[in-house]
Amino acid sequence: MIEFIMRRRLMVLIGAAISIVIGLISWVRLPIDAFPDASNQQVMILTESEGLGPLDIEQQVTFPIETVMGGLPHVKLVRSMSKTGLSQVVVVFEDHVDTYFARQLVFERLQAAKEQLPPGVEPEMGPISTGLGEVLQYNLQSDHHNLTELRTMQDWLVAPRLRTIPGVNEVNSFGGLVRQIEVRVDPDRLLKYRLTLDEVVESLEANNANAGGSFIIQDWEQENIRNVGLFGSSEDIRNVVLHAQDGTPITIREIGDVVESHMTRLGAVSRDGKGEIVAGMVIMLKGENSKEVVERVKAALPSIKQSLPEGVSFNIFYDRTELVAAVISTVGSALLQGGLFVVLVLFLLIGNLRAAITAAFSLPITALLAFTFMDFGELSANLMTLGGLAIAIGMVVDGSIVVTENVTRHLRDNPNDDRSRVIIRAVVEVARPIVFSIFIIVLVFVPLFTLEGMEGKMFKPLATTMIFAMLGSLIAALTVVPVVLSYLMKSGPAAGESRIFTGLRRRYTRLLNATLNHRKATLIVAVVMFMAALASIPFLGMEFLPELNEGAIAVNVVRLPNASLAGSIKTSEFMEKELLTFPEVRTVVSKTGRAEISEDPMGPEQTDLLIMLHPQSEWTTGRDSEQLVADIQTKLGHIPGIRLAFSQPIALRVNELISGVKSDLAVKVFGRDIDLLKEKAYLIAAVLRGIPGAKDVTVEQVAGFSQLEIIPDRREMARYKLNMADLNGLVETAVGGKVATEMVDGQMRFGVNVRLPIGRRNSIEAINRLLLHSPSGARVPLERVAEIRRVEGPAQISRENNMRRVVVETNIRGRDLGSFVSETQRRLQNISDDLPPGYWLEYGGTFESQQRAMKRLSVVVPMSILLIFLMLISALGNLKSAALVLINLPFALVGGVLSMLLFGITLNVPSTVGFIALFGVAVQNGTVLVTFINQLRESGRPIREAIVEACGLRFRALLMTAATTVLGIAPMVYAVGPGADVQRPLAVVVIGGLITATLLTMFVLPSLYLLFAPRIAVETSD
């Protein structure tokens, strides 16, 4: 094949030029995002039923929906939350299930569940989105418009236009006041005119409709007939006739007032301590390119602004493209610096400008080929894919280095031979070990594709990109590099070595001979280092993933269950002012309660603080992110009656979607009795608070929710011929309010709500005086047929797989996850043992992902080593030679472990992936060296002479491949900014391990080969 390529050099160069163009086009086409989407495949079902408490919601709404969803195919988990007026059921499918197929299955089952739900209750599926779905958040601001007017603009002028933008799945409105027309009925006037609330509701419904009367024909023309009966104004509502008394019509005007009002609020948004705002959240369709979607939305905002009243403007407070740009900048900077370091090493060690240029030329070719493969593989450019390319940047030139170095040596040693024949011979000599060594690196990443869940979604793209880069480097090394060398290189002394390298090789040869003379001592030292590294592993600590720095802070604030929305807003505004005293903070937005699309069903006692920070490069206080969080916690911790839990916007959302919790570790108590679950949860929380490293320990608020229960006296009701529907209807309409119909104003629609004035329904005494209409015509006060009690009930009820649960959550700081969980399990063993039958504990949060990942990696890593060994046997054709090369791996472990101890890195998924990458690189160098020693032995050289000569001839290639890999990854060790913390463990492991693995290849491997040489059979040349 090499000879075929050399005969068609021009075609190869044309093909390389075409590849460069396609690669550039692919780079432009690649979607760009901050992180891979790690959300699971789930469908959220939201059901609102105003007025029902958590217990009623659980029994009448949540349980019937859960029951029909449990038997769906490929369902991993069904969990739910029941709160006042809202049921949220989440159906989690296996990852391979198509999104739209999963939604179709859920939709079909919902039709069956509707038959079991209360009348008028309609479940809806949540948006087709993920934890990364909220890509842009803004607020409408104006000095001349109130919250009702701004919310009306958001709902009817802004959101509908944004929803038409490609890639936008939903626009969620939050905050402000939703306009509503309220008919405030005076109960005394109802009594005077002998009317009921039901009659008011029915009359409003019957008097708000248009009708068509077909058309009439007159000669050559026809005219349609249309009866205009829809409400067009409040005056139309006032004139609705309820009843005629002695020929006099009784209208709405006579029995109450029609006023502009607003819907009962479920949540509110405030910003920077300046009061409430109206916010909009653009939710991206699952699978779309966040950068492009945000750019489309921002491009549409000026046009939308022109359609709004003068003085109304948009103020964007969360823009995903800022995070995308920061992450790409972090990884891109490391990639660029690594590339420059690699080129510098090539120029210094090759010693020949033309040869160095040729080897360096393979870098952009390989990167562009990788972009082409990524485009075809539908990968996005993000932290993990570009990180994979940055990690591979020093490895991808290894094949080109070996080819360039061998061609340079052959041209120097054979100045009189035909140059093309010399190049072909030189490339053929190293082609086999290059192919096998690169395929070994590719092969070791294949087991990473067995990872599941969040870890699989994060690291499969990295492995895929590294495989693409290595395959691209193989193509470049065996096609483009030999052709370019044939044009640039000359035979003879011009292909000589640099003085720097000549001196290094001389010193290396002396050290090599010394270690060969004392090979047993060399091996003893190596074994001692290996044992020391093994002994150090228990001190590393374990965690799932380093924290992804998003450049923002999210704080979940929890108050007492009975906290009102108004009180929570005042507390939030105070916290916003306190937070703005930190110079690192750019803006603070508080979201209290829930929006109309309740993906996060918080009550008024809960607030999510979104703290947007200035870029870390602009910080002048000397604090890092951890110190800033600690100082914020100290400042806000003095506010009475609140509990704080710190996270980051995306991490908070993704954790909640994946595991249903917002913290690092969740201890879940399962059982039936909510009181017993609460009791055990508080015991667990007390234990957790005593464990070093536990922060933000919180118990799910399932109690302390005060409510009024109306207990009917059925005997008394029977005396007055009243039934439960009469009582329910009165409470629902008079106290809660009932939307009778809608008033249409152009394209806008507003509910017409019937309700008693606030003074007639805001106390137990007022509710007791409400009058029930008996079929006999009597008016019966509610207190005669029912008793009102103030009781304490559950604030919410959470379920998982048809069983109630209470969660105790905690974040972990200053300690690794693995040791913390081990101590937690040990301390909670007594509580677990004392649980009655039917009750049990489970652990969730990021710990769940960490356990699953480490369990899978404990199988994957040995699989990788086995695959490497099989490839080595195939490459070297000898079991013992393959075993010699495989000895590189334990000593690669030495450097990896020591570097982790030095940098304070825990054993996590990125560092484990680093060991897998390291094993492939370590074996690559050993394969090249042992192959060449065997070739020299086949030619008849004595064993020691073959070892020394092979090490000397391959010294430059070994040194350059190690140096380029180490320096190529080095920028990722000291990089700062979003995303850097995830890549650092991987880079540290590879660098440290490669240093010791290279020393082993240069000194210990030759000693082992000499020690066991008589037992290693080598094929003879004939």
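Is Glu235 buried, exposed or partly exposed? Glu235 is partly exposed, as its relative accessible area is 35%. Keep in mind that this is a predicted model. Here are my notes.

1. Let's stay with Glu235 for a moment. The side chain of Glu235 meets that of Arg253 in a salt bridge, with 2.5 Å from N to O. Arg253 sits in helix α9 (residues 252-255) and Glu235 in helix α8 (residues 234-238), so the pair ties together parts 18 residues apart in sequence. Arg253 is partly exposed too, with a relative accessible area of 36%.

2. Now for the wider picture. Side chains of opposite charge can pair when their charged atoms come close. The structure holds 33 salt bridges. Some share partners: Glu58, Glu66, Arg799 and Arg804 are joined into one network that way.

3. Have a look at Arg179 and Asp745, which form a salt bridge with their closest N and O atoms 3.9 Å apart. Arg179 belongs to strand β7 (residues 179-185) and Asp745 to strand β23 (residues 738-745), so this pair ties together parts that are 566 residues apart in sequence. Arg179 counts as buried, at 17% relative accessibility, whereas Asp745 is partly exposed at 33%.

4. Asp188 and Arg760 make another salt bridge, and here the closest N and O atoms are 3.3 Å apart. This pair links distant parts of the chain, 572 residues apart: Asp188 is in helix α6 (residues 187-192), and Arg760 is in the loop between β24 (748-755) and α25 (764-768). Asp188 is partly exposed, with a relative accessible area of 45%, and Arg760 is partly exposed as well, with 32%.

5. Next, find Trp619 in the loop between β18 (606-613) and α20 (625-636). Trp619 has a relative accessible area of 13%, and because buried means under 20%, Trp619 counts as buried. Leaving out residues up to four places away in sequence, Trp619 touches Glu584, Leu613, His614, Asp624, Ser625 and Leu628. Trp619 and Pro583 are 36 residues apart in sequence, yet 7.7 Å apart in space, C-alpha to C-alpha.

6. Helix α27 (residues 817-827) is worth a look as well. Its buried residues are Leu817, Gly818, Phe820, Val821, Glu823 and Thr824. The cover over the buried residues of α27 includes strands β20 (665-671), β21 (694-699), β29 (803-812) and β30 (840-845), along with helices α22 (674-689) and α29 (846-876).

Note on methods. Residues are numbered from 1 along each chain as its sequence is written. This is a predicted model: local features need pLDDT of at least 70, side-chain atom pairs count only at pLDDT 80 or more; totals for chains, interfaces and linings use all residues. Side-chain values use heavy atoms; hydrogens and water are left out. Buried means under 20% relative accessible area, exposed over 50%, partly exposed in between (1.4 Å probe, protein chains only). Helices (H or I, at least four residues) and strands (E, at least two) are DSSP runs, numbered from the N terminus. Contact means heavy atoms within 4.5 Å. A salt bridge is a side-chain nitrogen of Lys or Arg within 4 Å of a carboxyl oxygen of Asp or Glu.
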